[in-house]
Amino acid sequence: MKKFKHYMSVAALSFRLSMQSCMEYPAAFIGWLISNPIQFLVGFATIKFVVEEFETLADWNFRELAFLYGMSVLTHGLSVIFFTKTWYMGWDIIHGELDRMRLRPMNTLFQFLAGDLNFFGITDLIPGLILFIYGCVSVDFRWTFSNTLCMICALIGGTLIRGAIYLAFGSTTFWTKSPLHISGFFQELFNRTNMYPLSMYPRAVQFVFTFIMPMSWVAFYPASEFMGKESMITLPYGMSFITLGLGIVLFAIACKIFSAGFGQYESAGS
Amino acid sequence: MKAYIYVAKMRIQTMMAYRVDAWTFMIMQCLLMAAVGFFWRAVYGGAETAHGVSGDMMITYTVVSMLMSSLYYMGVEDRIADAVKSGSIATDMIKPINLFSLYFAEDIGNIIFNLFFNTIPMFIVAVIIFGLPVPASAEHFWLFLASFILGYGINWTFSATFALMAFTAIDLGPVFSIKYHFVNMLSGAMIPLWFFPEWLRTALYCLPFVYMFQEPLSIYIGKYSPAECLGKLGIQAAWLVGLLVIFMFAQKRATRRVLVQGG
């Protein structure tokens, strides 16, 4: 318990530091605060204009799509706060940034993730929250106890799935010794398989993103349960719990990969 | 001229050094292309046409739009911003050739590189997934090509003028990002403007963005008759000249007060 408290206080401190360093350049911060939401606005406008013309997209109407989009952007925003570090971890590894973490009496992965919480992520989280609230209102989402519980599980699970993939692939640098610029690729994949219904793709593609690279569980499957939509897998109840379970399992695997890589890694000199 | 060809060649060689980046970028673009293509296929569903455009025409529109944007890579933007920030603008300026012609020559190098490492592979992927994106007719294809070149000119001049802001403001990251998303939306690169509400469409036709993507693409899929196409090319040319005049004026003012920080 005492240990837990200690870890939390370190995380809080680092969050404050990151906030302060952001505020050092308020103009840049405000710039990103304006520019980051725009990409989601553009994506959202696409759905609005086009789907209003055709009425549905793979059996989803505009309100339901807004709900799905909101959930997806919100998990993206959360993952930006907690896991941005992993997007550039290749650089940190080859520049030997992780060495000093080894010397401190604390879990390395915790230091790595919490040591630099990304306050900038708020510029992604705000549009996520706005779109999420908009989506919930437009489908008249009922905040009953069970719905709320499912939603929380889905959001945590979705954020963890995103983080796990970034962390696992970022950790490959421990072995390859060269940074992999692949986070943009995965972000794009996550967005394409969750901001729009997966059921609009050919069945082979749906299969891949359901079972082989289970990325669609981030928002698509929980949302389709809430909206009562047919998809490749239709369960009457519990999609959100699968999302959470999957998030925890994938994240645990990613942590193992990180530790294994970190264990055998012999710094980069300099 | 020889100097510019040399610059373009150097640029291609530099890009060759970052081939892996180019491949990852290409894969991402293919992914985006496939996703947008399937989006249109799903959204059309049973519908025959919308605004006189069929689902297949829309997929052609998307594929060609993606191919165009891979050639529309505007290196000039980051180039100016980086050169001002790092101070290397000073050495660029003392070269015995015009500064912006130098950057233009570099972008020609970029086009040639991208043609082989982006556009052609993407084209192959597109043909495999969606079939050959056929133009409306041979005539439309040649008109499209002319329109594409004018569109490139408009895009380049606009980006270069925009990047001149780097001479006064220093961190342009967010500004470029805003510009990128706006141009993407307002030029019809992602969705054609005929899906937009009437008022917005009318407003956008008064801006140069539609002449970067929307109009060349509309020509390609045969939304206009050849005679109408010539009219569109005329408007594009007028925009290009207008933007060039603004650019000439702006670059004179901007370069006069270069402030190189450190070295």
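Among contacts in chain B between residues at least 6 apart in sequence, what share join residues at least 24 apart? The share is 81%, where two residues are in contact if their C-beta atoms, placed from the backbone, lie within 7 Å.

## Model and confidence

Everything here comes from a predicted model, in which local features need pLDDT of at least 70, side-chain atom pairs count only at pLDDT 80 or more, and totals for chains, interfaces and linings use all residues. Residues are numbered from 1 along each chain as its sequence is written, while chains are lettered from A and ligands numbered from 1 in the order in which they are written.

The model scores ipTM 0.80 and pTM 0.83. For each residue there is also pLDDT, the predictor's confidence on a scale from 0 to 100. Chain A averages 83, with 97% of the residues at 70 or above; chain B averages 86, and 97% of its residues score at least 70. In chain A the mean is lowest in helix H5 (residues 99-103), at 76, and highest in helix H8 (residues 145-170), at 90. In chain B, E1(B) has the lowest mean of the elements, 80, and helix H7 (residues 138-163) the highest, 92. A friendly reminder: where pLDDT is low, the predicted coordinates should not be read in detail.

## The build of chain B

Chain B holds 11 helices and 2 strands. Both kinds of element are DSSP runs numbered from the N terminus: helices (H or I) have at least four residues and strands (E) at least two. Along the sequence the order is α-α-β-β-α-α-α-α-α-α-α-α-α.

How does the radius of gyration fit the chain length? A compact globule of 263 residues would have a value near 18 Å, and the 19 Å of chain B agrees with that. The radius is taken over C-alpha atoms, and the globule rule is 2.2 Å times the number of residues to the power 0.38. The C-alpha trace spans about 60 × 40 × 35 Å along its principal axes. Of the 263 residues in chain B, 42% are buried. A residue is buried if 20 or more other C-beta atoms (placed from the backbone) lie within 10 Å of its own, exposed if there are 12 or fewer, and partly exposed in between.

## Where the chains meet

The contact between the chains takes 27 residues from chain A and 26 residues from chain B. On the chain A side, helix H2 (26-54) and helix H10 (183-194) each supply at least two residues, and H2(A) gives the most, with 15 residues. That side of chain A divides into 18 nonpolar, 6 polar and 3 charged residues. Here Ala, Val, Leu, Ile, Met, Phe, Trp, Tyr, Cys and Pro count as nonpolar, Asp, Glu, Lys and Arg as charged, and the others, Gly among them, as polar.

The expected span is 1.5 Å times one less than the number of residues. Its buried residues include A:Phe40, A:Phe44 and A:Ile47. Their cover includes strand E1 (56-57), H3 and helix H7 (122-138) of chain A, together with helix H2 (19-44) and helix H8 (173-186) of chain B. A:Ile30 also sits in H2(A), but counts as exposed because it has 12 C-beta neighbours inside 10 Å.

Helix H3 (residues 62-87) of chain A spans only 32 Å between its end C-alpha atoms, whereas a straight helix of 26 residues would span 38 Å. H3(A) has a kink of about 65° centred on A:Ile81; such a bend is the angle between axes fitted to the seven residues ending at a residue and the seven starting there. H3(A) is mostly covered, with 21 of its 26 residues buried.

## Positive phi values

Most residues other than glycine have a negative phi. A:Asp140, which is not a glycine, has a positive phi of about 55°. A:Asp140 lies in the loop between H7 and H8 of chain A and is exposed, with 8 other C-beta atoms within 10 Å.

B:His51 likewise has a positive phi, near 55°. B:His51 is placed in the loop between strand E1 (49-50) and strand E2 (53-54) of chain B, and is exposed, with 11 other C-beta atoms within 10 Å.
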